[in-house]
Amino acid sequence: INYIGNYAFSNCESIESIFIPITVDYMGQFAFSSLKGAILYCEAPSYPKGWYSNFYTTGVKVYWNCER
């Protein structure tokens, strides 16, 4: 996976956690919005250059530099 588009998983309330591999070089706006209590584990050490900073909204926790 290298591309996650705008609103790709928005409002998918069944998502509790997800791992995002370092191969993702584009993350669209609000890709993970409105996922209350969800946890995103990102393999990248910090925001990659091609990711929008608003790819998630309040209520979603994001952890960087995670391994699968």
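## Overall architecture

The chain has zero helices and five strands, where helices (H or I, at least four residues) and strands (E, at least two) are DSSP runs numbered from the N terminus. Along the sequence the pattern reads β-β-β-β-β. This is a predicted model, in which local features need pLDDT of at least 70 and side-chain atom pairs count only at pLDDT 80 or more, while totals for chains, interfaces and linings use all residues. Residues are numbered from 1 along each chain as its sequence is written, and side-chain values use heavy atoms, with hydrogens and water left out.

## Dimensions, surface and charge

The radius of gyration is 11 Å, which agrees with the value near 11 Å for a compact globule of 68 residues; the radius is taken over C-alpha atoms, and the globule rule is 2.2 Å times the number of residues to the power 0.38. Along the principal axes, the C-alpha atoms fill a box of roughly 25 × 20 × 20 Å. Of the 68 residues, 31% count as buried (buried is under 20% relative accessible area, exposed over 50%, partly exposed in between, with a 1.4 Å probe and protein chains only). Among contacts with a separation of 6 or more, 32% come from residues 24 or more positions apart, a contact being heavy atoms within 4.5 Å.

The accessible surface comes to about 4400 Å², and carbon and sulfur atoms hold 50% of that area. Accessible areas come from the Shrake-Rupley method with a 1.4 Å probe; for residues, only the protein chains shown count as cover. The 4 positive and 5 negative charges have mean positions 6 Å apart. Lys and Arg count as positive and Asp and Glu as negative, without His and the chain ends; each charge is placed at NZ of Lys, CZ of Arg, CG of Asp or CD of Glu.

## Aromatic pairs

There are 11 aromatic pairs in the structure. Rings of Phe, Tyr and Trp (its six-membered ring) pair if their centres lie within 6.5 Å; planes under 30 degrees apart count as stacked, over 60 as edge-to-face and the rest as tilted. F9 and F32 are stacked, because their ring centres are 5.2 Å apart and their planes stand at 10 degrees. This pair links distant parts of the chain, 23 residues apart: F9 is in the loop between β1 (3-4) and β2 (17-20), and F32 in the loop between β3 (26-27) and β4 (39-42). F9 is partly exposed at 29% relative accessible area, whereas F32 is buried at 0%.

The pair of W51 and F55 is edge-to-face, with ring centres 5.2 Å apart and planes at 80 degrees. Both residues are buried. W51 and F55 also belong to one aromatic cluster together with Y47, Y56 and W64.

## Loop between β1 and β2

S10 lies in this loop and is buried, with a relative accessible area of 16%. Not counting residues up to four places away in sequence, S10 touches F30, A31 and S33. N11 lies in the loop as well; N11 is not a glycine, yet has a positive phi of about 65 degrees. N11 is partly exposed at 49%.

## Loop between β3 and β4

S34 is found here and has a positive phi of about 60 degrees although it is not a glycine. Its relative accessibility of 34% makes S34 partly exposed.

A38 also has its place in this loop, but is buried at 0% relative accessible area. Leaving aside neighbours within four places in sequence, A38 is in contact with I15, E16, G59, V60 and K61.
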